[in-house]
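Good morning, and thank you for coming. Please look at the sequence and the model on the screen while I speak.

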Amino acid sequence: MRSSRARLVLVTAVLGVTAGLAPRARVRMEAAEPRAPTRNPLRLAVLRLGVTEPAWSSPLNREERDGRYACAGCGASLFPSTAKFDSGTGWPSFWRTSRDNALEYKKEWTGGTEVHCKSCGGHLGHVFADGPRTSDTASEGDVPTSDIKPSNGRRPRFCINGLALTFTETPSDSVGSDARPAASADE
């Protein structure tokens with residue numbers, strides 16, 4: 001079995017990450033190593049190193065079926081499909097989470113706010129205060145109390161890397177239908 005250092009070198013080589021980021025990445029890899037269920041190097045880099053996938057690269061941008069979005073690192077339910085909206089940014093965007101305490105927030109030195117899965121600590125993306133207007137979304141009672149509160153009449157915009165998510169379709173009431181995962185770069 002390869003060591004954490006060997007895996008870090010592999011991910012660094014595949015992604016072309018500069019040597020200046022390697023020490024930070026090694027610490028995050030070692031801390032998160034037991035939870036990594038995928039061998040996809042880019043997915044691991046997003047979840048464990050905080051890398052951002054290229055805009056418009058995720059098939060989940062175009063996903064419109066009913067279902068749920070879960071953490072690709074541990075499978076924890078994160079977002080309902082009813083909270084997804086087209087933000088025009090190139091990454092899947094949501095205005096609410098699916099349950100209380102699904103996410104952790106971490107302030108960056110740049111002033112931005114990173115979003116992590118509360119269950120496994122995987123890096124998901126960022127949250128911004130420029131989501132849909134509160135009048136265009138469900139009432140406050142439908143939103144988990146742990147979500148970031150609206151400001152300036154707008155909900156938060158959770159801008160999430162598609163590689164950090166998996167999608168599972170909700171079965172419809174029609175005969176013969178069953179839940180099937182969306183296309184994914186998981187393996």
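The side chain of Arg43 makes a polar contact with the backbone oxygen of Leu165, at 3.3 Å. A polar contact is a pair of N or O atoms within 3.5 Å; within protein, one must be able to donate a hydrogen and the other to accept it, and residues adjacent in sequence count only if both atoms are side-chain atoms. This is a predicted model, in which local features need pLDDT of at least 70 and side-chain atom pairs count only at pLDDT 80 or more, while totals for chains, interfaces and linings use all residues. Residues are numbered from 1 along each chain as its sequence is written, and side-chain values use heavy atoms, without hydrogens and water.

Arg43 belongs to helix 3, residues 41-49 (helices are DSSP runs of H or I, at least four residues, and strands are runs of E, at least two, numbered from the N terminus). With a relative accessible area of 1%, Arg43 is buried (buried means under 20%, exposed over 50%, partly exposed in between, with a 1.4 Å probe and protein chains only).

Leu165 is also among the residues with the most contacts inside the largest nonpolar core, which has 23 residues. Such a core is a set of buried Ala, Val, Leu, Ile, Met, Phe, Trp, Tyr and Cys residues joined through side-chain atoms within 4.5 Å. Elements giving two or more residues to this core include helix 3 and strand 9 (165-169).

Finally, which residue has a positive phi of about 65° although it is not a glycine? That residue is Trp56, in the loop between helix 3 and strand 1. Trp56 is exposed, at 55% relative accessibility.
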